[in-house]
Amino acid sequence: MRRNYHGVISCMRAIKQQMLIQSSYSTSEITTSYPIISTPASMFISHCFSTAESQPQLSTELIKTMEHKMTAMEYRNASLEKFINQPEVSPTEYSKANKELRRLSRLMELINQLRTKQKEIHSLNSLMGECPEDKDIFDMATEELERAKDEENELQHLLLKSLLPKDDADERGCILEVRAGTGGEEASLFAMDIFRMYERYAQKNGWKFEVVEVAASELKGYREASAAISGVGIYGKLKFESGIHRVQRVPVTEKSGRIHTSAVSVAILPQADEVDVKLKNEDLRIDTYRSGGSGGQHANTTNSAVRVVHIPTGLTVAIQDDRSQHNNKAKALQVLCARLYEMERQRVHMSRSKLRSEQIGSGDRSERIRTFNFPQGRVTDHRVGVTHHNVDDVIQGGNLDVFIDALLLQQEMDAIASFSSSQ
């Protein structure tokens with residue numbers, strides 16, 4: 001049975017609204033019309049909500065946790081406002097505190113709106129208790145109370161989303177790296193297909209896609225390829241594309257029509273610069289050499305190719321795609337900064353806790369995440385169990401959102417679970 005994009009996402013959202021299936025945590029599966037998810041996070045979501053309306057009511061436990069967080073935010077905001085008004089505060093301290101206050105401003109606005117709405121609900125309940133025999137006033141108060149509770153619920157949802165942990169890198173562009181894995185030339189050809197798939201997807205979304213480096217194979221596939229994708233929020237959109245992408249199809253090199261299985265690795269790194277990673281000249285060794293290519297062993301007679309080595313970590317980036325040494329150096333430093341920035345992010349992340357969202361996956365490039373099965377015409381994401389039955393559509397970059405939106409929704413569900421259990 002063919003599943004369209006809206007049906008898949010609707011079913012995932014429906015998981016969040018199966019509120020009365022379980023009264024407590026259990027290991028039983030939540031079932032939907034599509035077998036999309038069976039994870040602790042999705043089970044927990046059914047416990048977090050308590051009605052099956054289009055905008056579900058948050059559970060008592062989740063609201064209680066939110067209340068603790070809101071009280072802490074209100075206390076922090078009041079402390080910062082008091083602090084910056086003290087005459088002995090230094091300019092540096094003032095700037096730092098004021099910056100935090102600006103970050104809290106939107107959250108405080110939502111909290112204040114919710115507090116006002118809760119006071120209104122309290123007043124309406126009091127009014128209904130004082131005049132139960134006055135039908136006109138009672139009916140009017142009942143109608144107003146229903147409206148106020150709907151508005152309270154909407155504010156609670158907005159606040160919950162604002163309180164969930166965020167990755168600062170989500171708003172950045174990204175570096176895409178694709179490498180052929182097991183499968184020989186067929187893997188190189190599939191790596192080219194995957195690279196071009198993301199290029200078409202970027203163009204569809206109006207993002208800037210700049211090829212950084214391509215290392216071609218004998219059959220004009222890609223042994224390795226990298227690109228810089230620039231725009232707002234791209235890393236947050238694509239970060240779960242990292243991992244092993246497997247293909248099952250008959251290679252062009254296969255004479256007997258036998259199906260082969262090959263794989264490529266995809267890495268999505270947040271874009272960074274020297275400010276983020278604080279590159280020091282003494283930590284870099286930069287070599288130049290003549291680039292090779294199809295025009296001969298040294299088709300380029302100038303030393304345009306650039307190799308940058310980060311001495312402390314041993315990371316090496318070599319770029320020869322451009323005829324300009326200056327451009328190749330800039331591209332190499334861009335890729336190096338992204339890799340160093342991601343290394344530091346992972347180090348901090350691992351030191352704080354286990355990898356977030358084990359159900360989605362770590363984004364580790366060694367994890368098998370997706371299978372492209374050409375004979376059956378389907379693409380399956382193994383983390384959320386979503387299958388799209390039009391492999392050509394996906395490989396053309398036309399319907400990647402089927403998987404991306406499902407993964408981002410799963411991330412949000414896991415974040416709610418983590419948020420509620422953190423109290």
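**Helix packing and an open sheet**

Helices α3 (residues 60-84) and α5 (residues 135-163) pack at an angle of about 65°, and their axes lie 11 Å apart. Because angles of 65 to 115 degrees count as roughly perpendicular, α3 is roughly perpendicular to α5. This is a predicted model, in which local features need pLDDT of at least 70 and side-chain atom pairs count only at pLDDT 80 or more, while totals for chains, interfaces and linings use all residues. Residues are numbered from 1 along each chain as its sequence is written, and side-chain values use heavy atoms, with hydrogens and water left out.

**Helix pair**
- The crossing of α3 and α5 is left-handed, meaning that the near helix is turned anticlockwise from the far one by less than a right angle.
- On α3, the contact (heavy atoms within 4.5 Å) is made by Leu62, Ile63, Met66, Lys69, Met70 and Met73.
- On α5, Gln156, Leu159, Leu160 and Leu163 make the contact.
- The residues of this contact divide into 8 nonpolar, 1 polar and 1 charged; Leu, Ile and Met are among the types that count as nonpolar, and Lys is among those that count as charged.

- An open sheet of 3 strands (DSSP E runs of at least two residues) has the order β6-β7-β8, with antiparallel pairing.
- The edge strands, β6 (284-289) and β8 (315-319), each pair on one side only.
- From one strand to the next, the twist averages 15°.
- β6 pairs with β7 (residues 305-310) in the antiparallel sense over 6 bridges; pairing requires at least two bridges found by DSSP.
- Asp287 stands opposite Arg307 in β7.

Definitions and conventions
Helix = DSSP H or I, 4+ residues; strand = E, 2+ residues; numbered from the N terminus. Axes fitted to C-alpha atoms, helices over the stretch in contact; angles between N-to-C directions. Parallel < 35°, antiparallel > 145°, perpendicular 65-115°, else oblique.
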